[in-house]
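Here is a friendly walk through a protein model, meant to be read with the structure open beside you. Have a look at it first, and then we can go through it topic by topic.

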Amino acid sequence: MANSRRHAPGEDGLRAVDLVTDHLEKPSLDDRTYRVIRLPNQIEVLLVHDPQTDKASAAMDVNVGNFSDEDDMPGMAHAVEHLLFMGTKKYPTENDYSQYLAAHSGSGNAWTASTSTNYHFELSAKPSNDEEPTAANPSPLLGALDRFAQFFVEPLFLESALDRELQAVDSENKKNLQSDQWRLHQLEKALANPKHPYYHFSTGNLETLKTLPESRGINIRDKFIEFYEKHYSANLMKLCVLGREPLDVLESWVSEYFSVIKNKALKPGRWEGEVPWGKDQLGVQCFAKPVMDSRELDLSFPFLDEDLLFETLPGRYLSHLIGHEGPGSVMAYIKSMGWANGLTAGAYPICPGTPGVFGCQIRLTKEGLKNYKDVVKAVFQYIALLREAGPKQWIFDEQKGMADVDFKFKQKSQASRFTSRVTNEMQQPLPREWLLSGLRVFRKYDAKLIKQALDCLRPDNFRMSVVSQEFPGKWEHKEKWYGTEYTVQPISQDFMEEIKKAAATSAKDRIPKLYLPHKNQFIPTKLEVEKKEVKEPALAPRIVRNDELVRTWYKKDDTFWVPKANLIVSCKSPIVYAKAANAVKARLFTDLVKDALEEYSYDAELAGLQYSVSLDSRGLFIEVSGYNDKLAVLLEQVLITVRDLEIREDRFAIIKERLTRGYRNWELQQPWTQIGDVTGWLISEHDYVVEELEAELPTITADDVRLFRKELLSQMHVELYVHGNLYKEDSLKLTDMLESTLKPRVLPRAQWPIQRSLIFPPGSNYIWKKTLKDAANVNHCIEYWLYVGDKADRQIRAKTLLLNQVMHEPSFDQLRTKEQLGYIVYSGIRPGATTYGIRFIIQSEKTAPFLETRIEGFLESMVKIIDSMSETEFENHKRSLIVKRLETPKNLDQETSKHWNQIHSEYYDFESAQQDAAHIKALTKAELLEFYNHYVHPSSPHRAKLAVYFIAQAKSDVSTKQISELVSTLGLSSDASAQAATDLQARLSAAGHDMDKEIEGLRQYLLHELKVSEDKIEAATEAWKKLHKDKIEANGVVKDADPPSSNGTTPQIIEDVRNFKAGLAATGGARPAKDLSEYEELDSKL
């Protein structure tokens, strides 16, 4: 296959490097050059020279994942992924790799899937002298590749890091315990064929990876090393390296560092002997209880193995039709019946050698749940229609044509996202010339193969599940790893006969509303772009209309040259957020608009046009984006719907019920995803939290929304931005369309909404507490926020940004890696509308007051880190941050967002990145220390702090480790141990630290549920008494604690939010960085 040979250094002198290809199919505007090589040890490498990139990147995909875990030690592949970051022989310091990346504007991560483990990073693409990189003047990529390669050459599996990283794996698992996505996926796996690795528990936890193996006398470190040695081989690795360096330089670096990885000549994993769903697993229905109040119907069909079908992709043809939402589709019909809110369908692979799955997921309404059998039959009637109609080449050609256009004008993505994705796709048997295009374009129409795929969608070849908290019976089982309650039973004979009848319907008996889609009128035909030579792309858009009613911003794309455009509209009105009830009415209205447009807009979506109608912080928000050819057509229909929407009582009831569940489910999300909204509410002059919105919803009627819509649209000020492949004249026409369609009255300037943040005076020390709604959640959470000052103050911004850069890696290393406080540990900048602050978020089994003491402990130590930092290190941090701030947008959407953020904020500070960079460059270490000691150090009397505590009801300081130690005294089988651990953690946590209650609950469970002998009950009781004492005394596990106060101020608990806000001053509103007249271009010239 190779067409030339190069040479790489090796122990035996020079060894050949094979050139696989340097002719890759690529998008028409792609300025990168590519080369695929194979190293002497059989690692296949994609080299990418990108002359414009700000970030260099590399990724390695290893063809091993959780399907290779041993049956009695699930999670091994995931644990090994974690452990490779913890030091190598050449770079033994645990955080050397992450420190190096952080010092060069970079970051790294990894993920483990069923048959792949993927490691990736990105960092600054230019050398410190800011010149172009060469072999003699290398960028930081060289040092990163050296460190990265050592993961696969000689990792240490440090004993000192082992327990901590297994705690991280365990914390990651606990993070997911109340996530329906993880719970339901694991339930699906648990109901699969136990002889197929799909059945595995993929994440692992402390029990499976440490406690149980050690109880069997296994040395777990040796076991992880054995897994690594058994499965990590050069011939199973795919590497991608992207940088500004010439391809020859990249090739020489890759050859030097990666050719030494051992090639054990392992066979790629294939699983051909068993299937995930055999006869015993088909023809069944599973009813599962979710944590969230959700309702879903899932139909799963064992499908073709599409691994080698990349030219024809028959599954894509079927998913296009079954997942369609336009007129004639399953979705359009079941929505018209009031049964469904959404439908997705598609084929997905399981692993090489195993048939894939075709799935159809339907989000049900209350009525849909009652009529789920009719929904199933509607799907099978549509399948009968497809079978009767046969494959249609025009449908394939339409898909192919749109895919070709999308690939031709594909824009760049984030560097590490590209390298991670492409290395994973390199594991597939694609021709190497198609690595970029292979799964993105359609090549061959194969009617026979489409029929073969359609033949998989049969009544005797499917299983179904219904997810709902409501079930007319009892939950008979509990899934082993996540505790999901479920009942599984064969589909009744009567229902199966009805399904078979539906699958055999002819045209005369079929539901009349089911038919094939019509030709898509939104497919773009005008794809011309007028490309001009531009010395420097414009930093800011121009104002092309500015009057009492409308301000229009416009920029002709001068960077990406794609036939696309983005239009964003903010309809500013003070009534939307005048009270919580108005915000809810506005949300219901925007949801009803989207509901009404669903069928019409689906064709547009297929043709690369998207729209959004929602709320922003000042009123109604409308966005239309995509190929500019038909953009005006879609915008007009969106505006007409906004203006003329008929609010039907039946659709209103469905949308209101969906929003009710949405508000309720928001409070059942993982704590760390909720806490930011609460902090935002507390630091803003005007905002609402979900509880306030939820309280208003029950009394709101359809008439209320009709009246509100009329008031909202009657008077507003409109600010919009048109950006892309459109001319100034086009932007003015689109503005005129908006004005003539909505016909609003002018909102006087004095009534335009003003956004303000609250000012926290020096010495502020506030705490706000909330008990989480999810009673089964085991994780507490804290957001620890420090007020710094005015967002528009250039010095404040520069110092805050630099402090965040310096602090980010040490905080993660201390609080996550070393102290193992939780899997979710985050530090960063938290701006308000007009203020700047620094925050830490930690989600943990440990209580919020304890977490606050650990954050403050870190902040006390941080001053020494800054003080002892060399000038070289300090300058490197400054340079790294400047590179981040000056990073250029990768595509049109990113540039639109960058500009719109400035427009919407009303700072209009289009040069903020350049200004930040200039101010950062001038900072000294002494200035940063002074800033830190004034605003951040816990002992500073000037420091202003707000801590938000989320309190878990379960108070789960009963850790997995302690439960595992308890269970190990019982001598149970592996399966029984896992179930006992799940049950006992919930029981003992619920006892609220009362040892008598814990002992009584333990005895009752062992006696009545597990039916173990009295002597084992006594032994377990004694073991728990000791563990109870240990858990109270253990580092960081506290029943309660006083919030820390290092600067002498007394923490004030916020009991009344109105009183709290009334006691604080508010900032002024945002002011433009420049007079807006400097941006005006109001003449009619094009």
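**Briefing on the model**

Alanine 265 is found in the loop between helix H8 (247-258) and strand E9, where helices (H or I, at least four residues) and strands (E, at least two) are DSSP runs numbered from the N terminus. This is a predicted model, in which local features need pLDDT of at least 70 and side-chain atom pairs count only at pLDDT 80 or more, while totals for chains, interfaces and linings use all residues. Residues are numbered from 1 along each chain as its sequence is written, and side-chain values use heavy atoms, with hydrogens and water left out.

- Most residues other than glycine have a negative phi.
- Alanine 265 is not a glycine, yet its phi is positive, at about 50 degrees.
- With a relative accessibility of 59%, alanine 265 counts as exposed; the cut-offs are under 20% relative accessible area for buried, over 50% for exposed, and in between for partly exposed (1.4 Å probe, protein chains only).
- Serine 105, also not a glycine, has a positive phi of about 60 degrees.
- Serine 105 sits in the loop between H2 and strand E6 (107-112), and at 2% relative accessibility it counts as buried.

- Glutamine 99 belongs to helix H2 (residues 96-102) and is partly exposed, with a relative accessible area of 42%.
- From glutamine 99 to aspartate 455 is 356 residues in sequence and 54 Å in space, C-alpha to C-alpha.
- Threonine 312 lies in the loop that runs between strand E10 (296-302) and helix H9 (314-322), and its relative accessible area of 12% makes it buried.
- Setting aside neighbours within four places in sequence, threonine 312 is in contact (heavy atoms within 4.5 Å) with Phe396, Lys444, Asp446 and Leu449.

**Helices and what covers them**

- Helix H3 (residues 141-149) is mostly covered, with eight of its nine residues buried.
- Those buried residues of H3 are Leu141, Gly143, Ala144, Leu145, Asp146, Arg147, Phe148 and Ala149.
- The partners that the buried residues of H3 pack against are strand E5 (55-62), H2, strand E7 (117-124), strand E8 (237-243) and H8.
- In helix H5 (residues 180-190), the buried residues are Asp180, Arg183, Gln186, Leu187, Glu188 and Lys189.
- The cover over the buried residues of H5 includes strand E9 (284-288), E10, strand E11 (340-348), strand E13 (463-467) and strand E15 (485-490).

**Helix H17 against helix H18**

- Helix H17 (residues 580-606) and helix H18 (residues 631-644) pack at an angle of about 150 degrees, and their axes are 10 Å apart.
- Here axes are lines fitted to C-alpha atoms, for helices over the stretch in contact, and angles run from 0 to 180 degrees between N-to-C directions.
- H17 and H18 are therefore roughly antiparallel to each other; angles under 35 degrees count as roughly parallel, over 145 as roughly antiparallel, 65 to 115 as roughly perpendicular and the rest as oblique.
- By class, the contact of H17 with H18 has 10 nonpolar, two polar and no charged residues; Ala, Val, Leu, Ile, Met, Phe, Trp, Tyr, Cys and Pro count as nonpolar, Asp, Glu, Lys and Arg as charged, and the others, Gly among them, as polar.

**Helix H24 against helix H25**

- Helix H24 (residues 794-818) and helix H25 (residues 848-868) have axes 10 Å apart and pack at an angle of about 125 degrees.
- H24 and H25 are therefore oblique to each other.
- H24 contributes Leu803, Val806, Met807, Pro810, Ser811, Gln814 and Leu815 to the contact, while H25 contributes Arg854, Ile855, Phe858, Leu859, Met862, Ile865 and Ile866.
- The residues of this contact between H24 and H25 divide into 11 nonpolar, two polar and one charged.

**A domain from the UniProt record**

- UniProt places "domain: Peptidase M16 N-terminal" (unreviewed entry) at residues 45-195; its positions are given in the numbering used here, feature names are shortened, and annotations may be inferred rather than shown by experiment.
- Residues 45-195 are 35% helix and 18% strand, with end C-alpha atoms 35 Å apart.
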